[in-house]
Amino acid sequence: MVAWSRCAVWVKAELIRCQSSSSRSCRLYPYNQQRCGFRREAKRPETKNQNVMQKGKTSAPETGSRAVPPPPKGSRPTLFTPLMFTVGFTGCSFGVAAILQYETLKSRHQAARDKEESEKILQGSQDMAYWHDWWNRLPSLQRQLILLMSMVNNFWSILTEGQRTVTGIIAVNAVVLCCWRIPSMQRNMIKYFTSNPASKTRCLPMALSSFSHYSIIHMMANMYVLWIFSSTIVSLLGREQFLAVYLSAGVISTMASYMCKTATGRLYPSLGASGAVMAVIATVCVKVPEAKLGIVTLPMASFTVGRLLKVLVAIDAAGLVLGWRLFDHAAHLGGALFGIWYVAYGHSLIWRKREPLVKLWHGMRSPGSRGSRGGDGPESGGGGPRPQ
């Protein structure tokens with residue numbers, strides 16, 4: 001009995017062991033299947049990624065179709081409208097300059113008459129005691145303001161006519177430079193104060209970009225050179241003619257830049273008064289090529305302005321041929337060539353033929369003196385005095 005009972009216990013233990021082993025094998029099998037299944041499922045994300053990539057590839061043309069289509073390879077910006085604007089702006093500049101010269105001479109003549117009459121009136125009424133008492137009665141603030149105004153007036157009277165004219169140009173450039181520092185005006189400044197043949201607004205920036213500088217060093221360099229040549233060129237051309245040449249040179253130099261950029265396909269924006277300043281330098285160099293210039297740091301060294309013009313034109317020509325992009329060399333060359341052409345041909349073709357316009361303006365201003373030959377304005381004696 002004991003043996004049979006032990007045998008039954010052994011059999012029962014073996015059965016339990018087999019059941020437990022079979023149950024383990026049943027638990028391990030699904031695990032193995034799940035493990036294999038995870039391995040198979042690990043390949044599925046790759047297929048999903050491939051599907052996502054395929055969807056992205058198929059959806060890329062959809063997003064690209066919403067963007068602005070690129071321009072054709074052979075297309076170039078048309079320059080007919082900027083060319084017409086250049087011609088019209090140049091003509092209007094010289095026409096307004098001729099009328100402004102007429103008005104200036106007429107106002108000077110009238111001011112001289114008024115000054116003579118006022119001096120005659122004040123000759124018998126100069127009482128120093130009266131003016132001394134009047135000065136003592138003024139408050140201290142008004143005295144300081146009057147003294148400050150007198151100092152400014154004395155400084156202004158010391159400047160030459162050319163320096164006074166250029167002071168206004170420098171002030172406009174300084175205001176535009178300050179506008180570049182205002183964040184809310186950046187979009188309008190880029191639109192109207194930078195010249196780019198690929199831009200939608202191309203005509204107005206041709207004139208405004210000549211007064212625009214983003215860098216203080218750039219503006220100081222251009223305005224310093226303009227200040228140096230201001231007295232000479234205004235004495236040669238006169239204030240009104242100088243302004244017409246300066247404004248026209250800014251637009252013409254920008255037109256030359258447009259043509260070069262369109263031909264080469266390098267459509268990038270430009271700004272600065274370098275083209276107009278180059279026209280001023282070229283005008284002075286052609287008028288007085290033997291004039292001497294010196295260097296501030298080297299006062300013993302001097303050279304002629306004619307040699308300076310040759311060096312500048314050679315540098316800009318080399319930069320244009322070699323593709324230098326530090327400066328707009330096409331604009332520099334355009335301004336220099338315009339200055340040379342104006343001295344050689346433009347002065348006789350444009351400025352000396354202003355007499356009909358001045359007579360027409362005089363007739364509109366004073367209709368009663370149309371048939372009179374002796375007038376107070378510059379129309380008498382063949383269209384007015386010409387600058388020496």
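**Exercise 1. Which residues does Phe 242 touch, not counting residues up to four places away in sequence?**

Solution. Before starting, note the ground rules. This is a predicted model: local features need pLDDT of at least 70, side-chain atom pairs count only at pLDDT 80 or more, and totals for chains, interfaces and linings use all residues. Residues are numbered from 1 along each chain as its sequence is written, and side-chain values use heavy atoms, with hydrogens and water left out.

Step 1. Phe 242 sits in helix H9. Helices are DSSP runs of H or I with at least four residues, strands are runs of E with at least two, and both are numbered from the N terminus.

Step 2. List the contacts (heavy atoms within 4.5 Å). Phe 242 touches Thr 165, Val 166, Ile 169, Leu 226, Ile 233, Val 234, Leu 237 and Val 280.

Step 3. Check burial. Phe 242 is buried, with a relative accessible area of 1%. Buried means under 20% relative accessible area, exposed over 50%, and partly exposed in between, with a 1.4 Å probe and protein chains only.

Step 4. Look along the sequence. Ala 97 is 145 residues from Phe 242 in sequence, yet their C-alpha atoms are 8.8 Å apart in space.

**Exercise 2. Describe how H9 and H10 pack.**

Solution. Two packed helices are described by the angle between their axes and the distance between the axes.

Step 1. Take the geometry. H9 (residues 239-264) and H10 (residues 274-287) have axes 7 Å apart, at an angle of about 130°. Axes are lines fitted to C-alpha atoms, for helices over the stretch in contact, and angles run from 0 to 180 degrees between N-to-C directions.

Step 2. Classify the angle. H9 and H10 are therefore oblique to each other. Angles under 35 degrees count as roughly parallel, over 145 as roughly antiparallel, 65 to 115 as roughly perpendicular and the rest as oblique.

Step 3. Find the residues. H9 brings Phe 242, Tyr 246, Ala 249, Gly 250 and Ser 253; H10 brings Gly 275, Ala 276, Val 277, Ala 279 and Val 280.

**Exercise 3. Trace the largest nonpolar core.**

Solution. A nonpolar core is a set of buried Ala, Val, Leu, Ile, Met, Phe, Trp, Tyr and Cys residues joined through side-chain atoms within 4.5 Å.

Step 1. The core has 39 residues, and Leu 226, Phe 229, Ile 233, Phe 242, Tyr 246, Val 280 and Ile 281 touch the most other members.

Step 2. H10 gives the most, with 9 residues.

Step 3. Follow one member. Leaving out residues up to four places away in sequence, Ile 281 touches Val 225, Phe 229, Leu 308 and Leu 312.

Step 4. Look elsewhere. Apart from this core lies another, of 6 residues, among them Leu 79, Met 206, Ala 207 and Val 251.

**Exercise 4. Is His 329 buried or exposed?**

Solution. Step 1. Locate the residue. His 329 lies in helix H12.

Step 1. Read the area. His 329 is buried, with a relative accessible area of 5%.

Step 2. Name the partners. Beyond its neighbours within four places in sequence, His 329 contacts Ile 315, Asp 316, Gly 319, Leu 320 and Trp 324.

Step 3. The axes of H11 and H12 come within 8 Å and cross at roughly 140°.
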